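Here is a short briefing on a single chain. Please look over the sequence and the model before reading on.

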Amino acid sequence: VTLFADAGKIGARRGDLTLSGMKTDVGLSVSFMTIDATALRLDIGTGGGEGTRLFFSVGPIFQR
């Protein structure tokens, strides 16, 4: 289980990239692992003005 936080912004010019007005998000990741690979991974993130996002991925042991 991993908790994460992120902050950033984009801009058309270098002067637009200041620390004020950054968007932030937080999330949680749950991974199910074998000895040498991640079998399943579920990430949930929210914030940044984009709502809640859910990401699901499977590792190479299910892609054979």
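The chain exposes about 5300 Å², and carbon and sulfur atoms supply 60% of that area. The model is a predicted one. Of the 64 residues, 12% count as buried.

**Fold and dimensions**
- The chain has 4 strands and 0 helices.
- Its pattern along the sequence reads β-β-β-β.
- The radius of gyration is 16 Å, well over the 11 Å that the globule rule gives for 64 residues, so the chain is more spread out than a compact globule.
- The C-alpha trace spans about 45 × 20 × 20 Å along its principal axes.

**Contacts and charges**
- Take the contacts between residues at least 6 apart in sequence: 17% of them join residues at least 24 apart.
- The chain carries 7 positive and 6 negative charges.

**Ser29 in its setting**
- Ser29 belongs to strand S2, which covers residues 23-33.
- Ser29 counts as buried because its relative accessibility is 6%, and the cut-off for buried is under 20%.
- Its side chain makes a polar contact with the side chain of Asp43, at 2.4 Å.
- Which residues does Ser29 contact, leaving aside its neighbours within four places in sequence? They are Val1, Thr2, Phe4, Arg41, Leu42 and Asp43.

Notes. Residues numbered from 1 in each chain as written. Predicted model: local features only at pLDDT ≥ 70, side-chain atom pairs only at ≥ 80, totals over all residues. Heavy atoms only, no water. Helix = DSSP H or I, 4+ residues; strand = E, 2+ residues; numbered from the N terminus. Rg over C-alpha atoms; globule rule 2.2 N^0.38 Å. Buried < 20%, exposed > 50% of the residue type's maximum accessible area, 1.4 Å probe, protein only. Contact = heavy atoms within 4.5 Å. Areas by Shrake-Rupley, 256 points an atom, 1.4 Å probe, with all protein chains shown as cover. Lys, Arg positive; Asp, Glu negative; His and termini not counted. Charge placed at Lys NZ, Arg CZ, Asp CG, Glu CD. Polar contact = N/O pair within 3.5 Å; in protein donor to acceptor, adjacent residues only side chain to side chain.
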